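Open the model in your viewer and keep the selection tool at hand. The tour goes from stop to stop and says what to select at each.

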Amino acid sequence: MLNQAEIAVQFATRRPYHSLTRELYCDAGVFQADLEAIWYKDWIFAVSAAELPKAGAYATLQLGAYPVVIVKGSDGEIRAFHNVCRHRGQRLCAKTSGTTVKLVCPYHQWTYDLDGKLMWAREMGPEFKPANHGLKTVHCAVAAGMVFVCVAETAPDFAPVKTAADRYSAPHGMGDLKVAFQSRIVENGNWKLVLENNRECYHCAGAHPALCRTFNDDPHLVGGDDSLSSPVGAAHVERCEAAGLPSRYLISPEENWRLVRIPFVGAAVSYTMDGKAASTRLPAMPFANAGSLLFFHYPNTWNHFLSDHVLNFRVLPISPTETEVVTTWLVHKDAVEGRDYDLKRLTEVWEATNDEDRQVVEENQKGILSPAYEPGPYSPDQESGVAQFIDWYCASMTRHLMPARPMAAE
């Protein structure tokens with residue numbers, strides 16, 4: 001297992017525009033450093049807000065060493081807490097999701113209100129002060145109908161991404177959606193391999209026959225700087241903008257999140273086998289062939305906002321070579337299964353694509369585990385998105401690993 005100094009050398013000697021070393025994908029010390037430098041400091045997509053439709057609805061996630069619970073309060077606010085009882089540390093909620101009136105510890109029944117206040121703890125003596133034993137809060141914010149959390153003591157400023165994501169996603173009516181389906185898979189590969197695979201479509205024609213019926217894998221559609229540089233893409237953006245759909249490429253100064261709207265192939269309007277709508281059109285969308293609004297937020301989510309439904313993807317690291325991927329399909333809250341949408345048609349393209357991606361990532365990981373592996377070069381035409389992600393990752397890790405320099409004496 002590499003120590004911090006050895007990990008720093010890995011980044012200092014990295015060959016630009018090449019994949020990472022075997023250790024950076026597989027080493028337990030690097031995995032721990034990833035958690036501490038990125039996953040415990042950045043905003044992490046946790047759940048779709050639609051998963052918390054009413055007061056008392058909750059969802060949980062395991063973020064490295066941190067169990068977290070997200071709950072909707074009786075005031076309608078969504079809050080996040082460390083999923084740890086303030087008595088003796090029992091996990092409060094063991095299920096992935098559920099509904100409860102209060103948060104009750106299953107060990108000794110300490111009872112917390114939905115806002116985290118300790119309401120009841122029996123036989124704790126006259127000196128005990130319940131106000132001092134409320135649940136520990138986790139930073140929590142909602143953007144584009146997605147709940148983000150940050151376990152750091154001080155969270156990065158979330159206002160810019162919230163402002164942008166809310167504006168771009170507004171026509172999709174994120175407050176009026178419900179969960180139609182959710183899948184949860186574990187890929188036997190490092191989390192960075194999962195993100196890298198998403199950031200290019202070099203592999204799509206050979207790996208994703210269903211997806212490529214509607215998703216345009218032309219690398220010039222989304223150019224090397226991820227601006228819509230093709231005539232088709234530019235015309236689509238201008239048409240959507242004219243109809244009131246924010247669509248122009250937008251990226252954060254730190255390059256950790258971006259938004260852009262891209263067209264489907266031909267006359268397609270959704271991710272379906274025939275390219276036709278999978279569900280009833282979302283009420284505020286001006287036309288069906290609005291393409292897909294792409295929203296990326298490193299380190300753990302990519303998303304597709306369509307005219308008929310929305311797809312949220314969440315990535316969470318489990319171990320150096322295990323990653324959980326959760327996909328959530330959202331439709332209008334009034335859509336009725338069997339009448340307004342067929343679940344198989346809605347999900348079959350991305351169910352197939354997710355499984356194909358799982359196989360790609362797992363075979364990628366097996367090859368990297370070989371002592372014969374060495375970093376290879378990225379395609380400048382096809383893999384600029386991968387290079388951008390890896391540059392962001394390496395810069396984030398280097399900042400974390402750089403020792404603090406003493407102030408110069410005056």
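The stops below cover a sheet, a strand, some aromatic rings and a pocket.

**Before you start**

This is a predicted model, in which local features need pLDDT of at least 70 and side-chain atom pairs count only at pLDDT 80 or more, while totals for chains, interfaces and linings use all residues. Residues are numbered from 1 along each chain as its sequence is written, and side-chain values use heavy atoms, with hydrogens and water left out.

**Stop 1: the open sheet**

Select the strands β1, β10, β9, β4, β3, β2 and β5, which in that order form an open sheet with antiparallel pairing. Strands here are DSSP runs of E with at least two residues, helices are runs of H or I with at least four, and both are numbered from the N terminus. Two strands pair if DSSP finds at least two bridges between them. Colour β1 (44-48) and β5 (97-99): these are the edge strands, and each pairs on one side only. From one strand to the next, the twist averages 30°, with axes fitted as lines to C-alpha atoms and angles running from 0 to 180 degrees between N-to-C directions.

Now zoom in on β4 (residues 78-82) and β9 (residues 137-143), an antiparallel pair with two bridges. Phe-81 stands opposite Thr-137 in β9.

**Stop 2: strand β13**

Select β13 (257-262). Are its residues buried or exposed? Six of the six are buried, so the strand is largely enclosed by the rest of the structure. Buried means under 20% relative accessible area, exposed over 50% and partly exposed in between, with a 1.4 Å probe and protein chains only. In a regular strand, side chains alternate between the two faces of the sheet. On one side of β13 are Trp-257, Leu-259 and Arg-261, and on the other Arg-258, Val-260 and Ile-262.

Strand β12 (residues 250-251) pairs with β13 in the antiparallel sense over two bridges, and Leu-250 stands opposite Leu-259. Five residues lie between the strands of this hairpin, where Glu-255 takes a positive phi near 60°. β14 also pairs with β13 in the antiparallel sense, over six bridges; there the bridge partner of Leu-259 is Phe-295.

**Stop 3: aromatic rings**

Rings of Phe, Tyr and Trp (its six-membered ring) pair if their centres lie within 6.5 Å; planes under 30 degrees apart count as stacked, over 60 as edge-to-face and the rest as tilted. The count comes to 19 aromatic pairs. Select Tyr-40 and Tyr-66, an edge-to-face pair at 4.8 Å centre to centre with 85° between the planes. Tyr-40 lies in the loop between α3 and β1 and Tyr-66 in β3 (residues 66-72), so the pair ties together parts 26 residues apart in sequence. Tyr-40 is buried, at 12% relative accessible area, and Tyr-66 is partly exposed, at 29%.

**Stop 4: the largest pocket**

A pocket is an open set of points on a 1 Å grid over the protein atoms alone, where a 1.4 Å probe fits, with protein on both sides within 12 Å along at least five of seven lines; lining residues have an atom within 4 Å of a point. The largest pocket has a volume of about 530 Å³, the space filled by probe spheres set on the points. Select Asp-42, Pro-156, Glu-254, Asn-256 and Arg-399, the closest to its centre of 21 lining residues. Then show α9 (384-401), which gives the largest share of the lining, five residues.
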